[in-house]
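Subject: The structure I promised you

Hi there,

Here is the structure we talked about, with the sequence alongside. Please open it and keep it on screen while you read my notes.

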Amino acid sequence: MRAVRIHGVSDVRVDDIEEPQPGPRDVIVRVRRCGLCGSDLGYIKVGGVAAPAEAPFGIGHELSGVIEVVGADVVGIAPGQRVVVNPMGDGNGIGAGLPEGAFAPLLRVSNATLGGSIHPIPDHVDWDAAALAEPLGVALHAVHRSGAVSNDRVAVFGVGPIGLGIVFFLKRAGVSSVVAIDRSPQRLDRARRLGADHVIDAASEDVAAVLGDLHGRADLFGWPTVGTSLWFESSGAPSVLPLIVGMAPFHARAVMVAVHPQPIAIDWKMALGKEMSFITSMAYPDEFPEVIAAISEPGFDADAFISHRIPLSRFDEALAIARDAEVSAKVMVACDA
């Protein structure tokens with residue numbers, strides 16, 4: 001079968017490999033959709049997860065599909081079930097340095113358990129919406145970690161797929177003022193569609209001035225501040241976190257979701273004076289059931305997240321589009337085409 005694998009630094013190929021075979025505790029999933037993630041792009045650039053890998057490995061971890069084969073010792077999972085896969089569940093690391101990756105027609109999930117790596121989805125949830133479960137899990141975990149409450153005044157820097165998910169779950173939780181900030185007009189349009197109360201085009205507007213107009217202004221020890229109480233950094237731009245520290249008011253919370261490969265200098269004297277809280281958020285230890293409930297609701301707008309749908313046979317095209325933030329949001333790959 002055809003499968004996308006990384007062979008080295010900036011070396012990604014669609015290879016012919018053997019179909020996976022299950023052990024007694026494994027299942028085989030026939031992959032229908034798999035989203036391209038920023039971490040996939042990072043693994044390609046590095047040639048591995050944190051450093052170049054010694055052997056080729058598969059990528060792709062945002063998937064939906066159908067149970068094809070079930071190992072003899074697997075309980076509660078049956079062929080034909082429509083599912084999403086938690087790629088970190090049951091000790092797996094699908095698409096993150098192990099041989100298995102979901103940009104392929106078939107995927108082996110090791111030590112599979114119901115509610116661990118394998119989560120059933122309702123029949124009415126289409127494959128594209130279902131494959132959003134993993135990135136939406138990242139977004140929901142960030143919202144959970146933030147402790148957001150309804151009267152928070154929130155700024156979300158970077159509304160790629162994760163930032164869009166943060167906007168979605170903040171509004172779903174009843175947060176009254178959510179501002180999306182990006183340099184891409186099409187992504188800001190998507191944030192509006194998902195409920196953002198205001199958007200700021202950082203390429204053409206003064207972010208501090210607009211936030212001050214929206215959330216109020218104050219002065220702390222001679223530092224001008226805005227009244228934004230909760231900040232999310234999901235852009236990955238190294239200038240954003242220092243900008244947040246510079247604008248934040250007393251007792252502001254800042255949630256770091258984006259991966260920054262290089263250290264970032266922070267004015268810790270200012271952060272100390274403001275008694276800021278810095279919260280990091282990664283993955284989705286408990287979020288899959290709540291995400292599946294959200295995407296199962298009538299009116300869930302998967303198209304607000306998905307900008308392109310491309311077959312696996314045109315993976316190079318999908319990759320090129322995903323690298324262009326001006327035109328892309330979530331690029332969804334059809335692994336059965």
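S10 is exposed, with a relative accessible area of 54%. Here exposed means over 50% relative accessible area, buried means under 20%, and partly exposed is in between, using a 1.4 Å probe and protein chains only. You will find S10 in the loop between β1 and β2. Its phi is near 55°, a positive value in a residue other than glycine. H251 also has a positive phi without being a glycine, near 65°. H251 sits in the loop between α7 (240-247) and β15 (253-256), and it is partly exposed, with a relative accessible area of 45%.

A word on what you are looking at: this is a predicted model, in which local features need pLDDT of at least 70 and side-chain atom pairs count only at pLDDT 80 or more, while totals for chains, interfaces and linings use all residues. Residues are numbered from 1 along each chain as its sequence is written, and side-chain values use heavy atoms, with hydrogens and water left out. As for the element names, helices (H or I, at least four residues) and strands (E, at least two) are DSSP runs, numbered from the N terminus.

Strand β1 (residues 2-8) pairs with β2 in the antiparallel sense over six bridges; two strands pair if DSSP finds at least two bridges between them. Within this pair, V4 stands opposite V14 in β2. Together with β4 they form an open sheet of three strands in the order β2-β1-β4, with antiparallel pairing. Its edge strands are β2 (11-16) and β4 (57-58), each of which pairs on one side only.

Which strands pair with β3? Strand β5 (residues 62-70) does, in the antiparallel sense and over eight bridges, with V31 opposite G65 in β5. Four bridges join β3 to β7, again antiparallel, and there R30 stands opposite L106.

For a parallel pair, look at β9 and strand β10 (residues 177-182), which are joined by five bridges. V154 has V178 as its bridge partner in β10. Strand β9 (residues 153-157) is mostly covered, as four of its five residues are buried.

Next, the cysteines. How many disulfides does a search of the whole structure find? The search finds zero, where a disulfide is a pair of cysteine sulfur atoms within 2.5 Å. C34 is in no disulfide, and the nearest cysteine sulfur, that of C335, is 5.4 Å away. C34 is buried, with a relative accessible area of 0%, and C335 is buried too, at 4%.

Helix α3 is worth a look as well. It covers residues 133-146, has 14 residues and reaches 20 Å from its first C-alpha to its last, close to the 20 Å expected at 1.5 Å a residue; the expected span is 1.5 Å times one less than the number of residues. Twelve of the 14 residues of α3 are buried, so the helix is largely enclosed by the rest of the structure. Among the buried ones are P135, L140 and H141. Just after α3, G147 takes a positive phi of about 70°.

A112 is buried, with a relative accessible area of 6%. Not counting residues up to four places away in sequence, A112 touches R25, V27, V74, I77, D90, S117 and I118; contact means heavy atoms within 4.5 Å. A112 and D90 are 22 residues apart in sequence and 6.3 Å apart in space, C-alpha to C-alpha.

Enjoy exploring, and write back with any questions!
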